[in-house]
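Here are my notes on the model. Please read them with the structure open.

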Number of protein chains: 2
Amino acid sequence: LALRDDGPIEPDPDLDALLAANRRFYDAFEQRDLDAMSSAWEHSDRVACTHPGWRVLRGWGAVSGSWFAIFTGPAQLQVILTDVRGEVAGDVAWVTCDENLIGNDMTGTVSALNLFVRANGDWRLVAHHASPVSG
Amino acid sequence: LALRDDGPIEPDPDLDALLAANRRFYDAFEQRDLDAMSSAWEHSDRVACTHPGWRVLRGWGAVSGSWFAIFTGPAQLQVILTDVRGEVAGDVAWVTCDENLIGNDMTGTVSALNLFVRANGDWRLVAHHASPVSG
């Protein structure tokens with residue numbers, strides 16, 4: 001059991017499952033895997049996604065279409081996550097993290113807020129908002 | 001009672017209260033009112049805020065400090081909200097909207113995702129992520 005100044009760190013299976021779901025989302029992105037991306041999201045009207053520099057897209061149809069467009073585009077990116085933090089509030093949870101994107105033509109850091117809802121024990125994305133960090 | 005194709009629109013006090021809380025956040029921003037901004041947020045370690053182009057700030061200390069810096073800076077902005085949509089999931093809720101910012105030196109549109117948690121009947125912000133819309 002690791003120790004911190006404020007006492008032992010308790011295992012937190014809810015948080016572990018949340019961070020695993022967040023990681024699966026980025027694995028799907030990195031691998032340009034539409035099936036895995038589809039599994040990462042809730043399929044509903046209430047989902048929302050803001051890609052860097054984009055307007056918000058709402059509903060699974062529009063969101064999945066954007067991933068299809070991105071995955072069939074030229075940019076192939078590796079994603080190194082840093083500064084990841086998750087918060088669980090019942091069956092809703094959110095993750096903030098930095099996406100460090102490394103590609104042939106570009107590198108850059110994107111700040112992300114990912115919102116998840118738990119259904120049948122699985123955390124699914126209901127909102128993703130990502131924006132470039134300047135400077 | 002208004003009618004839509006899918007039937008009458010039911011009054012939704014939860015959603016109304018959520019959108020009112022979202023509006024109070026933007027009123028505080030427009031009026032550069034730190035007390036009102038403080039009331040709009042949960043005061044906790046788990047709050048997170050990403051201003052356009054910034055890295056994420058975490059914890060009420062860092063978040064409130066950023067509002068203080070913004071409010072004492074030169075930019076005075078009017079905010080016209082468009083394309084506002086709220087979703088309530090128990091005691092957690094989120095709003096997506098466009099912030100149309102109008103100032104002396106700049107105008108622009110920012111896409112925002114605002115996450116709220118309800119405590120004692122009040123919706124308080126726990127996360128705000130805003131990013132410029134290009135083009």
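**Cavities and the chain B sheet**

1. The lining of the second largest cavity divides into six nonpolar, five polar and no charged residues (Ala, Val, Leu, Ile, Met, Phe, Trp, Tyr, Cys and Pro count as nonpolar, Asp, Glu, Lys and Arg as charged, the others, Gly among them, as polar). Its elements with two or more lining residues are β3 (48-50) and β8 (122-132) of chain A, plus β7 of chain B. Helices (H or I, at least four residues) and strands (E, at least two) are DSSP runs, numbered from the N terminus.

2. This is a predicted model: local features need pLDDT of at least 70, side-chain atom pairs count only at pLDDT 80 or more, and totals for chains, interfaces and linings use all residues. Residues are numbered from 1 along each chain as its sequence is written, chains are lettered from A in the order written, and side-chain values use heavy atoms, without hydrogens and water.

3. The largest cavity has a volume of about 40 Å³. Its lining divides into three nonpolar, one polar and five charged residues. Among them are Arg85(A), Glu87(A), Asp45(B), Arg46(B) and Arg58(B).

4. Chain B has an open, mixed sheet of six strands, ordered β4-β3-β8-β7-β6-β5. Strands pair if DSSP finds at least two bridges between them. The edges are β4 (57-58) and β5 (77-89) of chain B.

5. Eleven bridges join β5(B) to the antiparallel β6 (residues 92-103) of chain B. Val79(B) stands opposite Leu101(B) there.

Terms used. On a 1 Å grid over the protein atoms alone, a cavity is a set of points where a 1.4 Å probe fits but cannot get out, and a pocket is an open set with protein on both sides within 12 Å along at least five of seven lines; lining residues have an atom within 4 Å of a point. Grid points are joined across faces, edges and corners, and a volume is the space filled by probe spheres set on the points.
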